[in-house]
Amino acid sequence: MKVLKSWLFLMTTTIRLTKVSSFLSPNPTNRSLSSVLKMSTTSAISSWSDLQSVSSKTVVGAALKKEQESRLAGAGAAFVQNKLRLFGSADIPKLTLYRDHAGWCPYCQKTMLLIEEKRIPINIELVPMRSYGDKSESFLKIVPSGLLPALVVETSDGRKQTITESQVIMELLDQWHPVEDGYKQMLPSNEDIEGQKRYNQLANLERELFSWWCNLIFRPEGPMSSGGMIGKLMGSSEMSGAMQGFLDCLEKVDNALASTSGPWFYDTADHPTMIDFVYVSHVERMLASCAFWKGLDLRSAEYKRQLPALNKWLDAFEKRECYLAFKSDYYTHVRDIPPQYGPGYDGGFEENRKKYQASITGKDNKSWDLPLSFDDPLQPLLKGPPLPLCVLKASGIKGDNGEVGVEGTTYENADPGKLAEACRHMAAWKLAANGDNVSKFAARGGPDGAKNPRKRFGAELADPYAQPDTALIPLVDMALKLVCGALLAKGGNTEHQAALTEMKTGLEESIDNNKGRNVASGKYCFIS
């Protein structure tokens with residue numbers, strides 16, 4: 001998600017701890033914590049509840065708290081962990097969607113995008129995927145197969161019917177919420193023969209693209225050959241058959257998009273429709289996986305020239321708040337794809353692949369290091385709202401159209417000082433609200449952490465049963481409170497740098513040298 005930017009401040013501040021861990025000295029004390037927090041107009045704060053109180057008094061924290069309360073009541077903006085969506089309806093929804101808790105499932109994502117775009121009142125229950133948890137017995141009684149997403153419909157006589165398969169769910173939701181009742185149309189009408197024909201063609205093309213993607217990423221590449229027309233245009237004389245087939249299929253998709261007035265697959269409406277959602281949930285994962293395992297950046301200037309309609313389509317999505325609520329970053333995707341699809345194979349354009357892998361995993365000594373750049377050349381953050389609209393509005397951050405806190409525009413020329421402070425304060429608010437759990441989670445990275453006495457899951461960083469290094473929890477907790485205090489510093493870059501210096505001093509004084517490196521490396525491994 002693009003709100004990732006605020007968390008990057010937290011992650012990279014934590015990573016910076018690895019660089020000062022060798023200087024950590026004995027004589028533990030909490031003295032430095034209050035000095036850091038004096039910059040947050042308070043003093044002697046030493047608990048997460050106190051930090052949460054301070055963060056809630058910032059304009060960003062106050063806006064996020066209000067938004068959180070609104071979401072709990074079924075209103076507010078789209079959010080990956082919303083459990084109720086009313087869209088102004090006063091009736092209790094008769095529909096309940098079961099979807100994945102972490103927002104990894106592409107089939108749940110496309111279903112949620114349709115629900116948000118059509119504004120369908122619905123209950124939502126969050127269920128873990130097999131790769132990062134066990135499904136509850138109550139859910140398995142409803143859906144014995146464990147498939148996600150699943151829709152439970154309560155009929156007028158009180159009976160309940162369960163429907164699985166995202167395609168079926170999406171079609172039924174569109175059918176049950178027609179244009180005549182004020183809902184947006186997501187599929188061609190029964191009278192629109194040509195529209196239905198186009199939909200079927202596009203749906204078949206999406207399956208063809210998915211097949212080529214799987215062949216490219218999840219199997220060893222075959223021998224190199226002539227790169228065809230795309231290869232010549234991109235300056236590459238050789239590429240594998242799998243790469244060429246994938247790019248040729250992408251060109252077909254680009255041609256389909258270019259055949260409309262843009263940016264969507266249908267120009268009968270000024271919003272995305274069901275086929276757009278069917279495509280984007282996997283195209284999003286293609287962007288990350290192709291860059292990481294194949295050195296193929298489909299959002300680069302070269303591919304924007306070669307696939308202009310596809311990139312305009314992606315640009316349009318990235319300006320929409322409801323899409324950004326479910327969109328993930330490249331690092332998350334390259335970690336959550338293998339448990340779902342199998343391991344990705346290195347190949348493609350080797351020089352670019354190594355560069356992109358280092359950038360995505362923070363091993364290039366710059367992408368995760370402070371001070372952070374305000375944008376990322378590999379996965380641009382400012383092509384749409386980089387933070388929730390409520391945060392942008394509270395911070396007075398203007399989009400490139402001159403309006404404060406709106407979607408539908410880029411933020412490439414937004415005030416960098418305001419953006420930086422808003423990101424820091426949002427990260428602090430999120431950390432303070434869940435500090436105890438974050439500390440325990442981060443302590444899994446210690447030498448005696450990450451052990452699971454029960455069973456292992458494919459997504460090891462999301463293993464619900466992995467245990468923390470209990471000896472490190474108090475020290476990790478103390479260090480994260482210092483990080484949170486530094487994030488809460490008000491003012492510009494000078495004040496923030498002063499807060500970082502105070503944070504370093506606090507770490508040096510607060511954590512025993514023998515434990516310091518374990519504390520720093522623990523948070524590096526598990527918060528990042």
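A residue is called buried here if its relative accessible area is under 20%, exposed if over 50% and partly exposed in between, with a 1.4 Å probe and protein chains only. By that rule W313 is buried, with a relative accessible area of 0%. The model is predicted, so that local features need pLDDT of at least 70 and side-chain atom pairs count only at pLDDT 80 or more, while totals for chains, interfaces and linings use all residues. Residues are numbered from 1 along each chain as its sequence is written, and side-chain values use heavy atoms, with hydrogens and water left out.

## The sheet

Helices (H or I, at least four residues) and strands (E, at least two) are DSSP runs numbered from the N terminus, and two strands pair if DSSP finds at least two bridges between them. Strands of a sheet pair through backbone hydrogen bonds, either parallel or antiparallel. In this model an open sheet of 5 strands has the order β1-β3-β2-β4-β5, with mixed pairing. β1 (84–85) and β5 (160–164) stand at the edges with a single partner strand each, so one side of each is left without a neighbour in the sheet.

β1 pairs with β3 in the antiparallel sense over 2 bridges, and R85 has I122 in β3 as its bridge partner. β2 runs parallel to β3, to which 5 bridges join it, and D100 stands opposite V127 in β3. With strand β4 (residues 150–154), β2 pairs in the antiparallel sense over 4 bridges, and here Y98 stands opposite A150. Of the 6 residues of β2, 6 are buried, so β2 is largely enclosed by the rest of the structure.

## Aromatic pairs and charges over rings

Rings of Phe, Tyr and Trp (its six-membered ring) pair if their centres lie within 6.5 Å, and planes under 30 degrees apart count as stacked, over 60 as edge-to-face and the rest as tilted. The structure holds 15 aromatic pairs. In one of them the rings of W104 and Y132 have their centres 4.9 Å apart and their planes at 70°, so this pair is edge-to-face. The pair links distant parts of the chain, 28 residues apart, with W104 in the loop between β2 (95–100) and α5 (106–118) and Y132 in the loop between β3 (122–127) and α6 (137–142). W104 is buried at a relative accessible area of 13%, and Y132 is buried at 8%.

F265 and W313 form another edge-to-face pair. This pair also links distant parts of the chain, 48 residues apart, with F265 in the loop between α10 (241–258) and α11 (274–294) and W313 in helix α13 (residues 308–317). F265 counts as buried, at 0% relative accessibility. Ring pairs link W264, F265, F277, Y279, W313, F317 and Y323 into a cluster.

| Aromatic pair | Centre to centre | Angle between planes |
|---|---|---|
| W104 and Y132 | 4.9 Å | 70° |
| F265 and W313 | 5.7 Å | 65° |

A charge sits over a ring if NZ of Lys or CZ of Arg is within 6 Å of the ring centre and within 35 degrees of the ring normal. The charged end of R71 sits over the ring of F79, 3.9 Å from its centre, and R207 lies over the face of F210, at 4.4 Å from the ring centre.

D134 is placed in the loop between β3 and α6, and D134 is partly exposed, with a relative accessible area of 29%. The C-alpha atoms of D134 and P464 are separated by 8.8 Å, although these residues are 330 apart along the chain.

## Cavities and a pocket

On a 1 Å grid over the protein atoms alone, a cavity is a set of points where a 1.4 Å probe fits but cannot get out, a pocket is an open set with protein on both sides within 12 Å along at least five of seven lines, and lining residues have an atom within 4 Å of a point. Grid points are joined across faces, edges and corners, and a volume is the space filled by probe spheres set on the points. For residue classes, Ala, Val, Leu, Ile, Met, Phe, Trp, Tyr, Cys and Pro count as nonpolar, Asp, Glu, Lys and Arg as charged, and the others, Gly among them, as polar.

The count comes to 5 cavities of 30 Å³ or more, and the largest cavity has a volume of about 90 Å³. Its lining has 3 nonpolar, 3 polar and 4 charged residues, including E284, R299 and H333.

The second largest pocket has a volume of about 540 Å³. This pocket is lined by 23 residues, of which C105, Y107, L147, L148 and P149 lie nearest its centre. The largest share of this lining, 4 residues, comes from α8.
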